[in-house]
Amino acid sequence: MTNELSPQYANELPMVVAKNVHKSFGHNEVLKGIDMEVPRGSVVSLLGASGSGKSTFLRCINSLEKIDGGRIWIDGELVGYKEKNGKLHDMTEAEITKQRIRTGMVFQQFNLFAHMTVLENIIEAPINVLGRTRKEAITRARELLERVGLASHHGHYPMQLSGGQQQRVAIARALAMDPEIMLFDEPTSALDPELVGEVLDVMRGLADSGMTMIVVTHEIGFAREVCDQVAFLHDGQVVEQGKPVDVIGNPQHERTQSFLSKVL
Ligand SMILES: Nc1ncnc2c1ncn2[C@@H]1O[C@H](COP(=O)(O)OP(=O)(O)OP(=O)(O)O)[C@@H](O)[C@H]1O
Ligand SMILES: [Mg+2]
């Protein structure tokens, strides 16, 4: 497999290209050749039953897992490898960390630092990783808190916030690193039903602002209304991908049909 993205992308390079991505844990082959393109500024949702490989695929995109085969490019740059004299070499940990900054990730569990205030949670990495001044980081954090509707909560500690508020802080914290793409892994699954909407609203705003997003979700309404593309994963492969109106409205694959009949 070539390491160069083909000339077909000369005009409009997708933000993410995955080609024939394989990943195993021991003998358990979890990703069995994933192909996917995520155009710049688009929102793709990943649907699929538990264990189908959704989280693993997201984790491969931001190098939390290393792939065994295939290639992933973000904005034309190979993930996890660099090329020297036509050969691929593993990136060093430092190089991987630097590359990972380009992708913001939001998890089901919000993973905020419990001993830090909301503001401190958001400015920590911009100061320590990006080398921003404290003043710059605070200015940006305040803008982001305004954007997620939590301007007045900057001095709160995570435990003083609802789950929905904590998840909005987690989104602001990811955005503070100026990622090129945002990855969401079931961001509303741990929330009480009445708190889901406020997080989805923030994500909708982000999509409207032109952020490229990959969203693993069981919120079919969100996938239908906000996403440009829906990909359905089954057993480590994308069995169906297309516009929500087609994949959700008129699924062709029996696995997609049976999954949707259970969640709709
Ligand atoms: N670190 C790991 N070590 C070993 N096996 C793993 C690891 N991470 C995931 N797996 C296995 O990979 C498979 C796919 O898991 P993954 O978490 O990607 O599925 P998922 O589609 O996100 O499921 P869910 O909807 O439950 O979150 C599962 O069989 C899981 O047990
Ligand atoms: Mg998962």
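1. Helices (H or I, at least four residues) and strands (E, at least two) are taken here as DSSP runs numbered from the N terminus, and the expected span of a helix is 1.5 Å times one less than its number of residues. The model is predicted, so that local features need pLDDT of at least 70 and side-chain atom pairs count only at pLDDT 80 or more, while totals for chains, interfaces and linings use all residues. Residues are numbered from 1 along each chain as its sequence is written, and side-chain values use heavy atoms, with hydrogens and water left out.

2. Helix α4, residues 134-147, has 14 residues and reaches 20 Å from its first C-alpha to its last, close to the 20 Å expected at 1.5 Å a residue.

3. Ligand 1 is surrounded by residues having a heavy atom within 4 Å of it, among them F25, N28, K54 and E186. By class, this shell has 3 nonpolar, 7 polar and 2 charged residues, and α1 gives the most to it, with 3 residues.

4. An oxygen atom of ligand 1 is 2.8 Å from an N or O atom in the side chain of S55, and a backbone N or O atom of G53 lies 3.0 Å from an oxygen atom of ligand 1.

Key
Chains are lettered from A and ligands numbered from 1 in the order in which they are written. A polar contact is a pair of N or O atoms within 3.5 Å; within protein, one must be able to donate a hydrogen and the other to accept it, and residues adjacent in sequence count only if both atoms are side-chain atoms. Ala, Val, Leu, Ile, Met, Phe, Trp, Tyr, Cys and Pro count as nonpolar, Asp, Glu, Lys and Arg as charged, and the others, Gly among them, as polar.
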